[in-house]
Every structure is written in C-alpha cells, then in structure tokens.
Amino acid sequence: MTGEVTGVAAPVQVAGWRRAVSILGSLQGYVGLVLVVAFGIVTRGDTFLSQANLTNAVGAFASRGILAVGETLVILTAGIDLSVGSMLGLASMVSAMLLVNQDLPPVVILPLCMLCGAAMGLVNGIGSTWLRIQPFVMTLATLSVFRGIDRQLSDNVSVGTQVAGPNGALTGHSNTFQLFGTPGHNLFAGTLGAGVYYPVLAFVLVCVLCQLLLSQTRFGRHVYAVGGNETAARLSGVNTDRVKIAVFVLCGLLAGFAGPIDAAYSASADPLAGTSYELDAIAAAVIGGASLAGGRGSVVGTFVGALILTLLDNVLGLNAVSDNLQLIIKGCIVVVAVVLQRPDLLRSLAHFVRRITARTGRSS
Amino acid sequence: MPPIPDDEPPALSVRGIGKSFPGVRALRGVDLDVHAGTVHALLGENGAGKSTLCNILSGALTDHEGSIELAGRPVRPHSPRDAHRLGIGMIHQELTLVPDLPVADNILLGAEPRTRFGTIDKRRMRARAAELLAAVGLDLDPRAPVRQCRIAEQQLIELAKALSVDVRVLIMDEPTSALADTEVRRLFGVIRTLTARGVAVIYISHRLEELEEIADTVTVLRDGAGVGTRAMADASRAELIGMMVGRPLGEMYPGEGAPDAVAGTRLRVERLTVTADPAAGRAGLHDVDLTVRAGEIVGLAGLMGAGRTEVVEALYGVYGAVRGSISLDDSRYRPSSPRAAIRRGLALVAEDRKTQSLVLDNTVRFNASLAALRRFRRYGRVHRRAERRAVDEQIAALRVRTPGGEAVVGTLSGGNQQKVVLAKCLLTRPSVLLLDEPTRGIDVGAKAEIHGICRRLAAQGTAILLVSSEMPELLALCDRIVVLCEGRVTAVLDSDEASQEAILTAAMARRTVLAGAASGGARAGEGR
Amino acid sequence: MRTRAIARPRALALAVALATTGTVLAGCASTAQTPASAGKSGHFVVAYSQSNNAEPYRAQLNIQLKYFMEKYKDVELLPIADAKQSSATQVSQVQQFIQRKVDALIVSPNEPAPLTSAVAQACKAKIPVVILDRSVNTDCYSAFIGGDNYVAGKKAGQLAVSLLPHGGNVGELQGILSDQPQIDRDKGFRDAIKANPKIHLVVHREAKWLKDDATRITGQWLAQGQKLDLVYAQNDPMALGGYLAASSAGKQKSIKFIGTDGLAIPDGGIRAVQQGQLAGTFIYPTCAKEAAATVEKLLHHQKVAKKSTLDIVAVTPANAAALYKQNDFSRYR
Ligand SMILES: Nc1ncnc2c1ncn2[C@@H]1O[C@H](COP(=O)(O)OP(=O)(O)OP(=O)(O)O)[C@@H](O)[C@H]1O
Ligand SMILES: [Mg+2]
C-alpha cells in the first residue's frame, strides 16, 4: 500500500474482504493449538481424536476454563482476580451441601450458586474500586477469606454428591445432579445419541456468550476502554467504577456457575477444590493473548489458551510421557506457543539476528 | 543567518532514507543536510513522515533504508542509547516522562550521578536538575513527581532532559505545540544558546510564524518524500504551504465568518470556584464568571497554570461537584461526572490526547465511537454497520489520514490522532463543545479545516469554549476572549477590542488579580 | 513553586519501622519468659500442632483426638494449631507452646527435618512430646505413634494378588511423588504383587492425591485402550476418581479398585467399599486414641512405649458396615 491512503471508507465489498483477511491474520494466534493438535494426531491419531477422549480432556478442564473466561474479563480491565479458585471451591461446597443437606433440585442449586459467586465478586469489585485497594491485594485477601469460609462450612470434610436413598439407589436430585458433569452422565442421552456432556456444553456456551458480550455490546467496549486507558474512558463518559465492579461480579458469577460442575465432576465437593486454579485461569487467558496490562485479549483467545493447556496435558498423557518430563515439556510448549502467537516478537527477533549476522559478517 | 562554511561536512547528512510500516509507506528516499550551528526546520502535513524520519535518526526506529552520516562518518543508530553516544538527542512529539518519578530523576534518567558507593547521589542529582531546569526557565521543585506538572511544564522538562547529555545534533519534534507565547520565547532563547555552541538543531513545527523566527533552513516533506529545501529567509509562507499540500491554500485564518449569534445564552457560569490540588497538578479557580451563547465561540486565554484547562475540566465534571452556579439553556447544571456532562450535551477535547483521550492500542473506530455508543445501540447490541458508517463519515469530514477505521490509533501520526479525538467529540453531537488546545500538533491545512468546522458548528448553534495558547488562533476564531490569570478572570475582550497586546497585558495582570483577591475575599466574608 | 511535604511522613514511617525492628530484636534477645498458663495441680494443659487441617484424614484425626482427650478429665486440650502445610509455621507454633510451658505436646510433623530442632527444644524444656505418624530426626521425644505406609501398600498388594488369582494388568494412581507416604506405599505394593508374576503393573501416574486428577488420568488410560483389571490408588479420593472415569466408560464392573485411608465419613472409602465401588480399602490409623492414652500416661509419669506402630485394618465388603459404625465420630463434631 502506498502513502496515498485516504480517509474515505473503502467500498463495502473490499471492507468485507479486508475483514476476512484480518480474521485469517488473527488465526496466527492459534498456531500453538494447531501444533498441539497436530502432535496429538501424528502420535495417537484415532485415540486422540475419539469423542470420548476429547470430552474427557475438555471436560476435565471445563470448570477451570469457565474461570478463565471470567478472569479474562477482569484482566481486560487491567485488573486481576486471584480469588477465582476459592470462589469455585466455595460454590462447589455450597452446591453439594444444598444437595445433601437440603435436598434441593439442581435447577435451584445452580442459580443459588451463581448468586453466591456474584456476591463474592461484588466484594472483590467494591474493594478494588470504592476502597481503592489494588485488585491483586484485594483478591489475594479474599482468596484466603473465601477458602476459610469454605473450610469452615465443610469442617474440612469432603461432601459426596452421590446420596443414596433408603432403598440404596441414588435419590432423584442426586441423580440429576450427576448431569452437571459426573463422568459418564450426559444431557439428552438417548434423544441425541450419546448425549452432550454438560461441562463441555457449558464451557462453550459461556465462551460464546461472553465473546458476544465483549464484541457486540456497549459494555464490552467499555471493558476494553477501561483497560486500555482509564482516564480516556472516564472522559468519554464511561462509568469506570461500575465497569470494574461489573467484571468482578461476572467473574464471581461464572465461578459460581462452575462450582457445581466441579463438584459433580468429582462426585464430591472437596474443601480444597479449586486450589491454585487461578493460575490455570490466568495462564489460559494470557496464552490466549490477553495482556495483563489490560485492554488487549478476547474470550476466543482464552478458549484457545484453555484448549492448548488441556490438550497438551492429554497428548502427553496419551503418550505416557513420564510425570517429571511432562512438567518440563508443558512449560516449554507454553513459551513456544506464546512466542508463535506474537508476530511482532518473531519479527524483531529476525531483525536482531540479521543485525548480529551483518555485524559479524562485516568484522570478518 | 550564519554563514555556512562550504568545506566542512554537514553535522548530519542523510541520504535516501525509506521506511515502511505494514500497509503504509511512511518515507521514501529522503535526503537531508543539517549544518552545525543552524536550525533546520522540517515541515509537512500530518502524516507526512516527519516524526518517522526523526525517530530513525534518534535510533527509536530501526530497520530502514538509506544511510546516515554524522560529520562525514557513516553511522547507524540502533537504539536511543546508541544515538546518545553518537551525540544525537531527541525530544519526542509525545511526552516520554515517567509520571511517578520526581522531576530530577526524569531529567537524569539513565545518567544519574553516583556516589563513591555506587548509590545515586541525590544531592548532586537535584543540583544538576535544578541547573537544567533553570536553563529552560522552569521554576519547579526537582523532587515533585512529574505527574503533578502541567503538560507545558512537562514539555520543558523534556527539553531539560535532552540538554542533560552533550549533544551535537538535537531533534525537536513539535516542542512548542503545548507552549504559550512566553514559554516559546524562553525555548527560542535556549535554542539560540545551543546553536551558538555549534549544535545542529532539527526543528519540527506546524507554526509557520515560529519557523520564520527561529529556522535557518527548511525542508518540506509530502507523503513521505522530500519536496524541497529552502533557505528560510527566501521562502514565503504561500510557497511553503503550496509545497506542503501540493496546492495553493486559501487564507490561513479567513476573516470573520461567524454569524453573529442571535440565540440566547447556552452556557452561563457564575462564581465557579475550584480548590487547587497540587498533588494532581491542578491550579485553583476563584469566582470565574463567563457566558457562551449558542452559536458563539468564546476563547479562554492565559499563561500556563492560569486555570484555563481547569475551567473546561470543571465544567465537564472531571473534578466532580464544584462550587458556583452553572446553567445550560437556562436550566441548572451541576457538573458531577463526564458521563453526566455528555448526557447534557457537553463534549471535551482534552489537553493531552495520549493520556486523556485515546486508547492507543485500539482502533480508530473504537476510539471515535467510544463516547457515542449510546447512539448506535440496537437490541442491546452495538449496531456495527451504523457505527462504521458514522465513523467513516467523520473520518472523511476531518480528513484523517488513516488506512481505515480498523487501523490502530497509536500508529497514526500525532496530528491525525488529534483529529480522531475531535471525531470522538463530534460524534456525540454536542451542544456545548469544550476545546482544550484542539489544534495542537495539527498542520496548517488541517488547522484551517478545523477552524472551518468550528465556525460551521457555531453557525449550526453549537456553543464553543476554546482554550488555546496560540493567540492568532484565538483572535481569528473567537467572538469573545476571556483572559485568566492565576485562576481569576482579568479581562473579557470582544473581538473588536482584542489584540495580542491586550490579551498579554490581561494575562500577566498579577496586580489586578491580587487586588481582586483582596476584594473577593472581603466579599466572601460579607456573604457569610 | 510547588513543594510538597514529602520528607516528613517518610521520616515518620522510617522511625516507626526502626522502632518495630528494635523491639523485635530485643524480644528475641531475652527469650521472654511468660508464666505458664497451666498451674493448678492435677490439671494439665496439652497442645497439639497439626500439619494441615485441610486434609480429610487429618480433620478426622482432630475430631477423634478431641473426643478421646475429653475422656481424661484432668487434661485440657488447647485449640488445635494448624500449620497449614508450612513447616516454618509449625516450628513457630511449637516454640510458642514451649514458651507457654504446656505440660505435654503432640506434634504431627509436616516434614521431619525442619521440625527436628523444635522438638529438641521442647525436649530440653522437659516437655513430653508425642510424635504422630511422621518421624523426626532426633531421639529426644517421649513417644512415637504411627501407622506403617509400607505395610499399607503391602496389604493392598496382597489384596490385589488375591483378587487376581490368574494375574492381570494393574494401574497405580500415585500421590505427590516426593511425599514419603507415596514412596512407602508404592514400594509395599510393588513388593507384594511380585508374589504372582502374572500380575503386571502396566501404568502408573502422579495424581497428586487429588480426585479430579485421578479421574482425568484414568480417563486417559482408558482412551489409550489400556486393558486394566485393577487400579490401586494410594488414597481413597483417587480410587473413587478412577472409579468415576471407569463408570463413565462403562468399565466399572470389569476393573477393581483398591484405595487406602478408610475414613468413616459419608464421602470416604469405607462407605465406598460398602456400596461396592471399591473392592477394598485399608484404614490407615489416625492414632488419636493411642495418642490420648499415651499423653495421659506421660502426664502421670507412667512408662510408655517409645515407638509403637499401629495395625493397618483391611476393609472388606463383609466388615465395612461394622467398621464404619466403629470409626464414625461425626456426632462429636
Ligand atoms: N508504528 C507505525 N505503524 C504503522 N504506521 C505508522 C507507524 N508510525 C507511523 N506510521 C505512519 O507513518 C506515516 C507518517 O507518520 P509520522 O508520524 O512520521 O507523521 P508526521 O509527519 O510526524 O505527522 P504529524 O505532523 O501529525 O506528527 C503516517 O501515515 C502514520 O500513520
Ligand atoms: Mg509527528
């Protein structure tokens, strides 16, 4: 393109074509995922691609993936939420206790858990806006508080969700609760063949909804604006405090949503469930291209980041790589994936190499 | 103009410089010779490639075509540090200070004096910083964080920083865009001492009258290519403008075109008072009265720190609630937040586009529509097509030079970024437009366009309050000029009685102010 | 000129910091001797430092210890101190108890080495110390009570041998690889299954004692097409996690699961054996009852065994119900 760029809008067709190119260009970000999948197919083709295996892999990560989506929202506003793991733990405990002690139907439990999560998010949000506590510090504090409440509630004893009725069989509600993600229990089984594994469905749904929220709504724009330049956002009429509180509440809400999934996946709520999940969530977001400085990232990216993490684990597991080696390989692949996603990094690396070679060439 | 010795090689000589960015050819084959002890001006429209050229010379951009020679020796600066070692210093168009570090630390960043133990010698550092600050005529506490300084002060701090290294070539990218007349004088004084010492200065500005005063030679760029070099004394304004835009341009500040307003008062401000907040670098306002009628352009003049920015920011709700009574179209208006201000039809082009107005990492479209998203709402979503159409229209109307609405704002040239800010404000369809240095860093042609837009908006009934450090701009554009000094109104000049002298006298009327303060204090006392 | 009073608050803060540091240093120098909280004759104060309350096994131990201690009327158990998996925290807790001059101390060491000196200090202060489950590197304690992880693994292996008379493929879900119980249980299990050369340990992976990790890993094994006849998990949650994965693949009937821990809680291993999810588990003793009895004896200057290793009780479908009843302390919570 020449310097003769005009400000006038290009014709619509050209714009559409250009958009397609830019979308293709952004696919560059998925190189890491493509590599992992390719590696899986080459080494363990049919096993890796089998529906059961993929369901297993994605389902195991689904609750963390949902946390990562909420985390992405917070990170986009240049904040961070370290308490997601604790919120998930508490929500999963609440769901199990509501089921076991109150015998509530799962359709009631889910919204209650989300409410509970949203309330926790509200605490984070208010602390980091009105009290002007840095999100890192605020959520570090609530990480501990929420975990403490979780342990206090459960008295450090895990609560099983498979409650047997008087006749030895599972009670109705407990049976339904299994649909939240106990392995082997699928939604719509029968009507839709093998059915749909709820954690996977929920994760994908959450991703789609949140991506739409970010890209299609005013709120989404405000999120990016607050993270990109808070002053500019405020002067443009964005209620920055409200946006920040809202992302924390959403993050908590999603943690509450993921709680029952986590409980059902293990068929029990462990008082330590979700410990250090915040690291996985942040990792998924950042691998997916979110910038911890705010203003950059997307839910689609986070989805890809989560897939990279879980499929990588799956591929290494399928190849029976030893546990110690797995740790090393996982770390390295994450670095490689992030570098591959950053064309500017590659370019400046190329420039650097050229400079060095030019210099040595000159001196020799 | 000092004589240029023919035998000596130029201090800086540049041949065939070219540079491409993805999608944009910013420079092609530019040649430039800058002689020691002279001021060489670069002139060109927004986006012509001036900053890009200078960034290459100062090592901020690498990977370019062409060659650079310093005093006859070929060099290739790889980083700003590299350039410093070679004796090339640069003041960037956008400020590059660390906001939370003290002034002294900023000035000597990277060149801190050390004690015997390798720790920073704070005392010497402060002394040196104070020296450099004095050299640029600033009276600041070197320990105050830069965040507290107004943007014009920051600009001068940048200059002090550039002077802290021993430079042979000093590049100044629009150093005066945020300065008022007196500060410009001081800057020129500094430049003259430098050239007398044999420093070669490359000077970028869109203000032709400045170039006439300070520059010896001028090179004009257009669309990334050099169009010619002239001795400043031989070049007429018309010729230079013609070279820049490639076509003759009409009168710079066409005469009174604004129709005399007939409508009622749109904005009435009485006894606006804001307490000073040194921590935020905010001057105080004391009982400021002013009115703007619909269709009127009112100017706010004054020196740095007089409170001009504070007036528009207070009206816009940046400081939350303020004292005083304000009415909009005869109904009471209490500033509370920018959000509320926008709802009431106010819009602000803030003083500093980088920190206050733009999300630099995001696109032109995102930025332009940010304040007006409400307009494009449909079924709870942002209606993309309507948004894009409105933004594209505005981009075209303001002639923003960009590859398109999806370009990242941070990659636009400074002047074009400013136009995006203006586009953002205009998209909210304001009835009161608050402009704080709206033509900062905007080229002559575009400036005329923006003036035209202001007049057109006024003609359509918008009330405009304009803060500007450029007196010709105020004189040409405003129906009335309110002059501030130390937070108080010292004069209200109608367009027929306004002149540079009258404005300056009122802007420096310290005595009047102090007397006013005494009587004002008495009045306040009586009131209670 | 804008000046700010930066210097003064800074100086103040510095002064406060210095003062605090000074006080702390002084405090250290004169190992403050607070009077003992226990005074009345015939009334003893006992402290217990737990390495990590959050593990279900240890939560169970806490409950039981409180219950058994209450049976001795002349003994008062201070609120249980939770070291939260941090050896440093635990050392400081033990030191606090020494300063309070408690009459006896029970410690579940988080790690042997860091706790050694703290236990030695208690011993020097003439406070009887009862060590539970994990040892320390000194002999200067009054009694050690623990289970034997090697035996736990070995018994599990023997159960595996009897469950697979014709041999078969076995998978092992391991705890954190560097944990001593993991190392011992693993060794015991491997030694025991050597009895039948037709039993092959085909896969083993680290599931970090966690249920969800076990589910995921077992799922991967099944996806790989591993033909497994039995899975040994080093704790019950991992065994149950593996069971979940197997039942999702419809293989819960063909694969047998063996766990360890045998907690009598609704979500624990004994229940799972009762319900047929696990083929068997092993009650790893909490030692609470024995610890309480030992402390009581020590306080009355009676002789106790320096080192006692408790039996590992096997839980089978036949005895599960009885064992659950016997070990259920939920009503004393
Ligand atoms: N990092 C970048 N990426 C892409 N394009 C860029 C980048 N930097 C500059 N450009 C483009 O290069 C061209 C020249 O920009 P430059 O900043 O040099 O203009 P300028 O002459 O300094 O204008 P102004 O007077 O507005 O400051 C512009 O079209 C700009 O959009
Ligand atoms: Mg520029």
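Modeller: Residues are numbered from 1 along each chain as its sequence is written, chains are lettered from A and ligands numbered from 1 in the order in which they are written, and side-chain values use heavy atoms, leaving out hydrogens and water.

Colleague: Which residues touch the most other members of the largest nonpolar core?

Modeller: A nonpolar core is a set of buried Ala, Val, Leu, Ile, Met, Phe, Trp, Tyr and Cys residues joined through side-chain atoms within 4.5 Å, where buried means under 20% relative accessible area with a 1.4 Å probe, protein chains only. The largest such core has 127 residues, and the members touching the most others are Ile66(A) and Val483(B).

Colleague: Between which domains of chain B does this core lie?

Modeller: Domain bounds come from an automatic or database assignment. Because both domains give residues to the core, it lies between domain 3 (256-345 + 430-528) and domain 4 (354-421) of chain B.

Colleague: How many contacts beyond four places in sequence does the model have for residues 250-258 of chain B?

Modeller: The pLDDT, the predictor's confidence in each residue from 0 to 100, has a mean of 86 in chain B, but stays under 50 over residues 250-258. Where pLDDT is low, the predicted coordinates should not be read in detail. With contact meaning heavy atoms within 4.5 Å, the count for residues 250-258 of chain B is 17.

Colleague: How far apart are the end C-alpha atoms of residues 107-131 of chain A?

Modeller: The unreviewed UniProt entry annotates residues 107-131 of chain A, among others, as "transmembrane region", and such annotations may be inferred rather than shown by experiment. Taking helices as DSSP runs (H or I, at least four residues) and strands likewise (E, at least two), residues 107-131 of chain A are 92% helix and 0% strand, with an end-to-end C-alpha separation of 36 Å.

Notes. This is a predicted model: local features need pLDDT of at least 70, side-chain atom pairs count only at pLDDT 80 or more; totals for chains, interfaces and linings use all residues. Buried means under 20% relative accessible area, exposed over 50%, partly exposed in between (1.4 Å probe, protein chains only).
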